[in-house]
Amino acid sequence: MLSRKQLIEQIKQKKSFLCIGLDTDLNKIPAFLHTYPDPVLEFNRRIIDATHDLCVAYKPNAAFYESRGLQGWQSLIDTYQYLPKECLSIIDAKRGDIGNTSDQYARAFFDETAGGMGFDALTVAPYMGHDSLTPYLAYEGKWIIILALTSNDGSRDFQCLKTDNGLLYENVIQKANSLAGADRIMYVVGATQGQEFANIRKHAPDNFLLVPGVGAQGGSLAEVCRYGLTADCGLLVNASRSIAYASNGEDFAEAARAEALSLQQQMQVELEKAGIVRE
Ligand SMILES: O=c1ccn([C@@H]2O[C@H](COP(=O)(O)O)[C@@H](O)[C@H]2O)c(=O)[nH]1
């Protein structure tokens, strides 16, 4: 369990607000790892060993594990258990359903006694409204990370629709803020959304934002920081492919570290500029 206070302490200590995505694709990992009993777990372990001092969160995306059936689910459980406790553990599963079904999703990802996984945070889709979100909040100390303005082209299809009460994503934030505070709720906002971060901050001044879309999707870290940083940092910027697949040779972990280091160094500059950490 990682509280908001502990997360902020980690950010200041590591001078980083990097979240590393573990979107581990069996077809993309180096060939030599296929001799291990669980190549995905071996890959994840080496990425974690090489990067844990440079990041404050890890985010496995459930799809990459669920797509491999029972073996994939086991890789996810074992990866969860290997994650460093000082880092925020996020499961990116984008769940959302009626209350009693959400209860089951919450058990699956939050309740270690139920199946072996006790992630700190889960990404959720807000489309089904308040009663699809509250079951997760019943788990004291756990976070939900609600899709607000995503990084993909299709984000404009629904999230930016105009309503009598502003844009649809603004309504999502307003409603979710009435359910719990900034110590329990984060929002997903894509790094590709640039200046929209200024508008997001009007509606979610204190919440942490999980920001995917730097690296492979071309979002700008500088722009995200310019419009999204708060006095507490308030950002977790995720990179998955650009770190994990920086090399597909035997040096993949060193290459991942070099990519993570480059992002951490850019983050340090931004944190210093904003006066959140000292030079
Ligand atoms: O708006 C969103 C929400 C989630 N994602 C997820 O983040 C990572 C991004 O991976 P990269 O390789 O760094 O592009 C991936 O798991 C997505 O499913 C997102 O990209 N955008």
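How many other C-beta atoms lie within 10 Å of K15, and is K15 buried, exposed or partly exposed?

Residues are numbered from 1 along each chain as its sequence is written. This is a predicted model, where local features need pLDDT of at least 70 and side-chain atom pairs count only at pLDDT 80 or more, while totals for chains, interfaces and linings use all residues.

So, K15. It is partly exposed, with 19 other C-beta atoms within 10 Å. On our scale, buried takes 20 or more such atoms within 10 Å, exposed takes 12 or fewer, and partly exposed is in between, with C-beta atoms placed from the backbone. K15 sits in the loop between α1 (4-14) and β1 (18-22); helices (H or I, at least four residues) and strands (E, at least two) are DSSP runs, numbered from the N terminus. Its phi is positive, about 50°, although K15 is not a glycine. As a reminder, most residues other than glycine have a negative phi.

K94 also has a positive phi, about 45°, and is not a glycine. This residue belongs to strand β3 (residues 88-95). K94 has 17 C-beta neighbours inside 10 Å, so it counts as partly exposed.

Now to a helix, α7, residues 130-137. Its buried residues include S132, L133, P135 and Y136. Looking down the axis of α7, they fall within an arc of 150°, so they line one face of the helix; the arc is that of the directions from the helix axis to the C-beta atoms. On the other side of α7, H130 and D131 are exposed. What covers the buried residues? Among the elements doing so are α5 (99-110), β4 (121-124), β5 (143-149) and α9 (168-177).

Zooming out, the chain has 13 helices and ten strands. Its radius of gyration, taken over C-alpha atoms, is 18 Å, close to the 19 Å from the globule rule for 279 residues, so the chain is as compact as a globular protein of that length. That rule is 2.2 Å times the number of residues to the power 0.38. Of the 279 residues, 47% count as buried. Contacts mean C-beta atoms, placed from the backbone, within 7 Å; of those with a separation of 6 or more, 69% join residues 24 or more positions apart.

Finally, the annotation: an unreviewed UniProt entry gives "domain: Orotidine 5'-phosphate decarboxylase" for residues 17-256. The end C-alpha atoms of that span lie 16 Å apart.

Conventions:
UniProt positions are given in the numbering used here, feature names are shortened, and annotations may be inferred rather than shown by experiment. Two residues are in contact if their C-beta atoms, placed from the backbone, lie within 7 Å.
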